[in-house]
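Trainee: I'm new to this one, could you walk me through it?
Mentor: Gladly, ask whatever comes to mind once it is on the screen.

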Amino acid sequence: MYPKLFAAGMLSGMFTTAIMAPGEHIECLLQIQAARGELKYAGPMDYVKQLYKESGIRGIYRGTALTLMRDVPASGMYFMTYEWLKHLLIPEGKSCLWYSRRLVLLGPQTCRYCCFYILISAT
């Protein structure tokens, strides 16, 4: 059961990265630009237009391979850990609603710690 959950989480990480990576790339570059005080781009859309003219779609997705290497296993670990905690915290025969407070309080934070452990050990 857990390997399938890990695989499902990894798949979600792939789709999330494909959608979010360009936005993160743009955000990081604009933050660097602001910190240096140089104004090469007027904003996010200006950056996208100029980058697309210079490099095409490849430029917009620059760095995505490394992001995939980080996010795919982390998403798998998040899914798997959350389901493991559900199994651990909810007694047999009870519904998720019965133990929802503990799961809501402990679940996401514990999953994040497991993801960060994967990320830190990978670097």
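This is a predicted model: local features need pLDDT of at least 70, side-chain atom pairs count only at pLDDT 80 or more; totals for chains, interfaces and linings use all residues.

Trainee: How exposed is Glu24, then?
Mentor: Glu24 is partly exposed, and its relative accessible area is 32%.

Trainee: How many salt bridges are there in the whole structure?
Mentor: A search of the whole structure gives two. Besides the bridge between Glu24 and Arg70, there is one between the side chains of Arg70 and Asp71, at 2.7 Å from N to O.

Trainee: Let's zoom out. What is the chain built from?
Mentor: The protein chain has five helices and zero strands, and along the sequence that reads as α-α-α-α-α. Of its 123 residues, 28% count as buried. If you take the contacts with a separation of 6 or more, 62% of them are between residues 24 or more positions apart.

Trainee: Where does α1 bend, and by how much?
Mentor: The bend in α1 is at Met20 and comes to about 45°, and a proline, Pro22, follows within four residues.

Trainee: Which residues of α1 are buried?
Mentor: They are Leu5, Gly9, Gly13, Thr17, Ala21, Pro22, His25, Ile26, Leu30 and Gln33.

Trainee: And what do those pack against?
Mentor: The buried residues of α1 pack against α2, α3 (57-60) and α4. On the α4 side you can look at Thr64, which is found in that helix and counts as buried at 12% relative accessibility. Leaving aside neighbours within four places in sequence, Thr64 is in contact with Thr17 and Ala21, both of which are among the buried residues of α1.

Trainee: What about Thr81, buried or exposed?
Mentor: Thr81, which also has its place in helix α4, counts as buried, with a relative accessibility of 5%. Although Thr81 and Leu5 are 76 residues apart in sequence, their C-alpha atoms are 9.0 Å apart in space.

Trainee: Changing topic, which residues make up the largest nonpolar core?
Mentor: That core has six residues in all, namely Ile26, Leu30, Tyr41, Tyr47, Leu51 and Ile60. The elements that give two or more residues to this core are α1 and α2.

Trainee: How many aromatic pairs turn up in the whole structure?
Mentor: The search finds one. The ring centres of Tyr41 and Tyr47 are 4.7 Å apart and the ring planes are at 80°, so the pair is edge-to-face.

Trainee: How accessible are those two?
Mentor: Tyr41 counts as buried at 11% relative accessibility, and Tyr47 likewise counts as buried, at 2%.

Trainee: What else is Tyr41 in contact with?
Mentor: If we leave aside its neighbours within four places in sequence, Tyr41 is in contact with Leu29, Leu30, Gln33, Asp46, Tyr47 and Gln50.

Trainee: How long is α2?
Mentor: Helix α2 (residues 44-55) has twelve residues and reaches 16 Å from its first C-alpha to its last, which is close to the 16 Å expected at 1.5 Å a residue.

Trainee: And what comes just after α2?
Mentor: Just after α2 you will find Gly56, which takes a positive phi of about 75°. There is also a glycine just after α1, Gly37, with a positive phi of about 85°.

Trainee: Last one: how far apart are the C-alpha atoms of Glu27 and Gly43?
Mentor: They are separated by 9.6 Å, while the two residues are 16 apart along the chain. Glu27 has its place in helix α1 and counts as partly exposed, with a relative accessibility of 44%.

Conventions: Residues are numbered from 1 along each chain as its sequence is written. Side-chain values use heavy atoms; hydrogens and water are left out. The expected span of a helix is 1.5 Å times one less than its number of residues. A salt bridge is a side-chain nitrogen of Lys or Arg within 4 Å of a carboxyl oxygen of Asp or Glu. Buried means under 20% relative accessible area, exposed over 50%, partly exposed in between (1.4 Å probe, protein chains only). The bend at a residue is the angle between axes fitted to the seven residues ending there and the seven starting there. Contact means heavy atoms within 4.5 Å. A nonpolar core is a set of buried Ala, Val, Leu, Ile, Met, Phe, Trp, Tyr and Cys residues joined through side-chain atoms within 4.5 Å. Rings of Phe, Tyr and Trp (its six-membered ring) pair if their centres lie within 6.5 Å; planes under 30 degrees apart count as stacked, over 60 as edge-to-face and the rest as tilted.
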